[in-house]
Amino acid sequence: MSHDHSHHAGDGRNILVAFFLNATFSIIEFIGGYITNSVAIYSDAVHDFGDSLALLFSYFAEKLSQKEADEKYTFGYRRFSMLSAFINGLILLIGSSYVIIEAISRIKSPEVVKPEGMLGLAIVGIAVNTVAAYRMSKNKGLNSKMVMYHLFEDLFGWIAVFVVSIVLLFKPWYILDSILSIFISLIILRGVYKNLIKVGMIFLQKFPDKLDIDKIQAKLLQFDLIKDIHGIKGWSIDDETYYLSLHVTVPEGTDISQIDELNIKIKSLLAIHDIKYSTVEFESSSCNQIQLVLQKS
């Protein structure tokens with residue numbers, strides 16, 4: 001238990017460090033974008049500012065998600081982390097869409113940019129995002145993955161800015177600045193879309209994709225006394241913790257002590273597959289036969 005708490009505490013610290021790095025650098029970017037007249041720098045400033053808000057919200061959501069279950073939230077507070085991931089996605093979706101609209105208007109009438117300033121900011125941007133992405137890569141969970149994914153994309157975006165700024169030092173192809181900002185934003189939108197779909201499926205209680213139910217069922221059927229397994233239902237509490245309910249048919253006359261022992265074995269197996277919460281209903285084979293007759297009639 002103490003290991004789990006220290007792990008989450010580390011997650012919070014990493015998110016906080018990433019927040020301060022991003023927030024500070026986004027301010028520098030807004031100033032740098034104004035000085036260099038670069039829409040690509042502005043686009044990344046908007047992205048970084050969105051990331052900063054997302055990181056701050058993620059920090060508090062991550063802290064809240066560590067709370068144990070109580071009478072109000074009987075499954076705990078882990079879903080708050082998913083809510084944070086969803087809000088993060090919306091922030092980035094709106095910010096990236098705005099940047100694309102601005103960049104398209106610039107393509108129609110390219111403006112002169114200052115590649116020297118772009119190059120300097122690119123070097124700083126690569127350094128800042130490398131540190132932030134490295135810290136976030138140590139975290140687990142969809143909320144942290146959402147943030148880390150965008151930090152990596154931001155890193156690749158700055159590498160692209162670095163290359164383009166070098167080209168602009170020798171060739172006045174200013175349209176590259178707008179094209180680059182659209183390219184960065186489209187990559188961000190692709191990642192946001194994929195992660196929003198994952199979060200949406202969790203909120204809609206879709207059966208977890210990570211659970212190989214056929215494999216789990218095959219292992220359960222190897223236990224003595226289990227004749228059949230049916231009525232399987234499951235959903236995700238977050239992207240790492242799952243709930244599963246199932247009906248288990250046992251031979252008629254099985255005593256309660258045998259069922260208790262079997263229940264412990266089933267719960268242990270399910271726990272290996274990150275199924276923290278489960279409901280197992282036991283039925284005798286004769287009861288199952290009566291149900292089949294009723295269904296047929």
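## Basis

The model is predicted: local features need pLDDT of at least 70, side-chain atom pairs count only at pLDDT 80 or more, and totals for chains, interfaces and linings use all residues. Residues are numbered from 1 along each chain as its sequence is written, and side-chain values use heavy atoms, without hydrogens and water.

## Sheet

Helices (H or I, at least four residues) and strands (E, at least two) are DSSP runs numbered from the N terminus; two strands pair if DSSP finds at least two bridges between them. An open sheet of three strands has the order S1-S2-S3 with mixed pairing. Its edge strands, S1 (228-236) and S3 (275-284), each pair on one side only. Strand S2 (residues 242-250) runs antiparallel to S1 and is joined to it by seven bridges. Glycine 234 has leucine 244 in S2 as its bridge partner.

## Helices

Angles run from 0 to 180 degrees between N-to-C directions, with axes fitted to C-alpha atoms, for helices over the stretch in contact; contact means heavy atoms within 4.5 Å. Helix H7 (residues 213-220) lies across S1, S2 and S3, at about 140 degrees to S1. Helix H8 (residues 256-272) packs on the sheet and touches S2 and S3, making about 145 degrees with the direction of S3.

## Aromatic rings

Rings of Phe, Tyr and Trp (its six-membered ring) pair if their centres lie within 6.5 Å; planes under 30 degrees apart are stacked, over 60 edge-to-face, and the rest tilted. The structure holds eight aromatic pairs. One of them, tyrosine 73 with phenylalanine 80, is edge-to-face, at 5.8 Å centre to centre and 65 degrees between the planes. Phe75, Trp235, Tyr243 and Tyr277 form one aromatic cluster.
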